[in-house]
Amino acid sequence: MIVLGIETSCDETSAALLVDGRAVSNVISSQLIHSAYGGVVPELASRAHQRLIIQVVREALAGGGVKKEEINGIAATQGPGLVGALLVGLSFGKALAYGLGVPFTAINHLEGHLYSVFLEEDVPAYPYLALVVSGGHTMLVHVEAPFRHIVLGETRDDAAGEAFDKVAKMLGLGYPGGPAIDRLGAEGDPGAVRFPRSFLEEGTLDFSFSGIKTSVLYYLRREGLGESGAARTLLERKKMADICASFQAAIVDVLVARTMSAALRLGLADIALVGGVSANSSLRRTLRDEAGKRALRVFTPRSEYCMDNGAMIGYVGWMRLVRGLTSAYETPAVAYLDLAGIAS
Ligand code: KG4
Ligand code: ZN
């Protein structure tokens, strides 16, 4: 079965081809236009998706060596995400499916991240624990079986990636901030500044990252470093690297501690680390080290499958289509969609 997967929920326009659940192409066009604004501008994202979608789909087809008439089904992200952005990929997917006379299926973006580990050769065994960390989401999910998943905990305020992006903005490091903090933090001392770890109340598997972010802001003010791009010119590189490393350590500590307690509490041996923030080198290393001590296994897809991408949407599309699950053409784009499934 040949499935075309389309993703346009935020600022990546992406399309991929899957043959029997294996990705044979995955084209991702990241919209660089937003960096000038320090964050994603929804209207600009929608327009860029419109401009890029045909070219991206064409490249995905060419990359997979497939003609559009050979496609057996089409999957596109329904939500969560920016409605205007989602509408571009969703409408395009429906129209192409209608034109080709093939089934269409709408996909929950979070399920895309959750099952993205299966795009690799080495896969976890069910049931497994997934830590989904991205710009919009931070959640721990118990994946019992295909399409049977329970959210164990999630962020009560900022997502981990959002905290990275906001702190990077305070430091004048640009958008997206995660990769910049990761790079600069590698030169710094993670013990230089002790930012607070927020573990909330006893027993919860929820997260909170806004306190860590605010304490970086107060630290910068206390040190007389301002709270915007101005900091860049005032801070020496070493000091900046120390702040990045210390902030990153606080986020990673909380993510890893929560993941370990969830895995131990539920007796899960396999952990999937997915979403854009899973590219973070300190998070990958620390989670692997801590899991290794307890004989648990960590699975992380390559970075093109961690960031927002069409392959993970096509994969869930394939999972649905082989089970005969399709979506009506009336299926709407939905900004706030939880992990319960597909809204119609
Ligand atoms: O999954 P993703 O591409 O999009 C969403 O669904 O949000 O994740 C993007 C997020 C951004 O917040 C970005 O700063 C963060 O992932 N990110 C990182 C790293 N690479 C990307 N955060 C920390 N360290 C990184 N190396
Ligand atoms: Zn995402």
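Start by selecting strands 7 and 8 (residues 148-154): they pair in the antiparallel sense over 6 bridges. Two strands pair if DSSP finds at least two bridges between them. Strands (E, at least two residues) and helices (H or I, at least four) are DSSP runs, numbered from the N terminus.

This is a predicted model, where local features need pLDDT of at least 70. Residues are numbered from 1 along each chain as its sequence is written.

Now click Val-143, which stands opposite His-149 in strand 8. Move to the turn. Strand 7 and strand 8 form a hairpin with 2 residues between them. Phe-147 in that turn has a positive phi of about 65°.

A hairpin of 4 residues joins strand 6 to strand 7.

Color strand 7 (residues 138-145) by burial. Buried means under 20% relative accessible area (1.4 Å probe, protein chains only). Here 7 of the 8 residues are buried, so strand 7 is largely enclosed by the rest of the structure.

Jump to helix 2 (residues 83-100). Its end C-alpha atoms are 25 Å apart, which agrees with the 26 Å that its 18 residues should span at 1.5 Å a residue. The expected span is 1.5 Å times one less than the number of residues.

Select the buried residues of helix 2, among them Ala-85, Leu-86 and Val-88. They pack against strand 1 (2-7), helix 1 (42-64), strand 4 (73-79) and strand 5 (104-108). Contact means heavy atoms within 4.5 Å.

Terms used: Chains lettered and ligands numbered in written order. Predicted model: local features only at pLDDT ≥ 70, side-chain atom pairs only at ≥ 80, totals over all residues. Heavy atoms only, no water. Buried < 20%, exposed > 50% of the residue type's maximum accessible area, 1.4 Å probe, protein only.
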